[in-house]
Every structure is written in structure tokens, then in C-alpha cells.
Amino acid sequence: MSDPFEQIGPKLTQAREAKGLELAEAARQAQVPRPAAEALEAENFSYFDSPVYAKSFLLQYSEFLGVDAHTWLEALEPGSFMASGALLKGPEPPTRRQRPEESDSQSKGGAMAVIILLAVTAAIIYGVIKGFEYFEAQHGQEPAKEQIEKPEPAQ
């Protein structure tokens with residue numbers, strides 16, 4: 001009988017190679033993302049955002065490969081996994097590097113868009129005011145205040 005605490009990564013790799021599968025093909029057939037399968041075979045459990053994801057992918061991948069991962073699945077219980085400190089921080093998301101001239105042109109484009117937006121807004125407001133003045137000139141002005149009747153002078 002094999003050691004239950006044997007490293008899971010090499011067991012997964014050996015089972016995959018015994019089936020004659022490349023990592024990408026095994027991940028596709030097991031319906032596990034390739035980076036997750038790579039992390040499992042490398043025993044890089046910090047790749048996963050939570051122990052629930054690690055446990056789920058390990059279960060799915062190990063069942064596909066026919067590997068008994070029972071001991072590891074118990075070790076990945078949320079309480080024990082977090083207590084070991086193995087999953088305090090996940091991998092950093094990849095960042096897109098910008099060339100300096102690219103960020104400068106984007107900020108200039110943003111400033112130009114704001115200026116254009118302000119100009120269009122001012123033109124609309126000016127048009128509304130002129131249109132209102134034209135409407136009043138054509139249709140007469142409403143009296144601003146009602147005429148208060150003054151008593152007629154006594155005769």
C-alpha cells in the first residue's frame with residue numbers, strides 16, 4: 001500500500017503520463033483549467049483563490065486520472081488550509097505594461113474629450129437660450145406680474 005502522505009503532485013504527473021496525455025490534453029478532458037492542473041501537479045496551492053477551489057479542482061483532476069487524493073482533500077479543508085498559512089495570498093494578476101508615450105497620448109486624448117464635451121454642452125445651452133428668446137419674441141411675453149387693479153380716482 002502506498003504512503004497516504006505521499007506528495008500529490010508527482011502522483012498526478014505519473015498518472016497523467018501513464019495515460020499518455022500531455023498536461024493540456026489531460027486538463028481539457030478533466031474539464032479543469034490548464035493553469036489549475038499545472039498548479040496541482042506542482043503542488044502550488046497558493047495559486048487558488050480559496051481552499052474550496054483547490055479542493056474542487058484537485059477532486060476533479062484526481063478522479064479523472066484515477067489517483068486517490070483522499071488524504072489531500074481532507075488537508076484542504078478550509079480551516080486546516082488557512083491555518084497552515086498556505087493560502088494567505090494568491091498570485092498577482094498579470095499587468096499590462098504601457099509604453100510611456102502610450103500613457104501620455106491617452107491622457108492627452110482624455111483631456112481633449114473633456115474640452116470637446118464642455119464645448120458641446122455650452123453650445124447646447126446657448127442654443128436653448130437663443131431658442132427661448134426667439135420663442136418669446138414670436139409669441140409675446142407673458143406678463144411678469146399680474147396687474148394690480150388700482151382704484152379709479154374719485155371724480
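Me: Where does Glu-43 lie?
Reply: The model is predicted. In it, Glu-43 has a phi near 55°, a positive value in a residue other than glycine. As for its place, Glu-43 lies in the loop between α3 and α4.

Me: Is Glu-43 buried, partly exposed or exposed?
Reply: Buried means under 20% relative accessible area and exposed means over 50%, with partly exposed in between. Glu-43 has a relative accessibility of 24%, so Glu-43 counts as partly exposed.

Me: Where is Gln-31, and does Gln-31 count as buried or exposed?
Reply: Gln-31 has a positive phi of about 60° although it is not a glycine. Its place is in the loop between α2 (23-30) and α3 (34-41). The relative accessibility of Gln-31 is 64%, and because exposed means over 50%, Gln-31 counts as exposed.

Me: Which parts does the pair of Arg-16 and Glu-41 tie together?
Reply: Side chains of opposite charge can pair when their charged atoms come close. The side chains of Arg-16 and Glu-41 meet in a salt bridge, at 2.7 Å from N to O. Arg-16 lies in helix α1 and Glu-41 in helix α3, so the pair ties together parts that are 25 residues apart in sequence. Arg-16 is buried, and so is Glu-41; the parts tied together are helix α1 and helix α3.

Me: What separates Arg-34 and Glu-38 along helix α3?
Reply: The side chains of Arg-34 and Glu-38 meet in a salt bridge, at 2.9 Å from N to O. Arg-34 is partly exposed at 43% relative accessible area, and Glu-38 is partly exposed at 36%. Because they are four residues apart in helix α3, the two are separated by about one helical turn.

Me: In which helix do Lys-130 and Glu-133 both lie?
Reply: The side chains of Lys-130 and Glu-133 meet in a salt bridge, at 3.4 Å from N to O. Lys-130 is partly exposed at 39% relative accessibility, as is Glu-133 at 41%. They are three residues apart, about one turn of the helix, and both lie in helix α7.

Me: Is α1 parallel or oblique to α4?
Reply: Two packed helices are described by the angle between their axes and the distance between the axes. Helix α1 (residues 8-18) and helix α4 (residues 51-65) pack with their axes 9 Å apart, at an angle of about 40°. That makes α1 oblique to α4.

Me: What is the area of the nonpolar surface patch that includes Ile-115?
Reply: Ile-115 is in helix α7 (residues 100-139). Its relative accessible area is 53%, so Ile-115 is exposed. With Met-112, Ile-116, Val-120, Ile-124 and Val-128, Ile-115 makes a nonpolar surface patch of about 580 Å².

Key: Residues are numbered from 1 along each chain as its sequence is written. This is a predicted model: local features need pLDDT of at least 70, side-chain atom pairs count only at pLDDT 80 or more; totals for chains, interfaces and linings use all residues. Side-chain values use heavy atoms; hydrogens and water are left out. Patches are made of residues with over 30% relative accessible area and no salt bridge: like charges are joined within 9 Å, nonpolar side chains (Val, Leu, Ile, Met, Phe, Trp, Tyr) within 5 Å. Accessible areas come from the Shrake-Rupley method with a 1.4 Å probe; for residues, only the protein chains shown count as cover. A salt bridge is a side-chain nitrogen of Lys or Arg within 4 Å of a carboxyl oxygen of Asp or Glu. Buried means under 20% relative accessible area, exposed over 50%, partly exposed in between (1.4 Å probe, protein chains only). Axes are lines fitted to C-alpha atoms, for helices over the stretch in contact, and angles run from 0 to 180 degrees between N-to-C directions. Angles under 35 degrees count as roughly parallel, over 145 as roughly antiparallel, 65 to 115 as roughly perpendicular and the rest as oblique.
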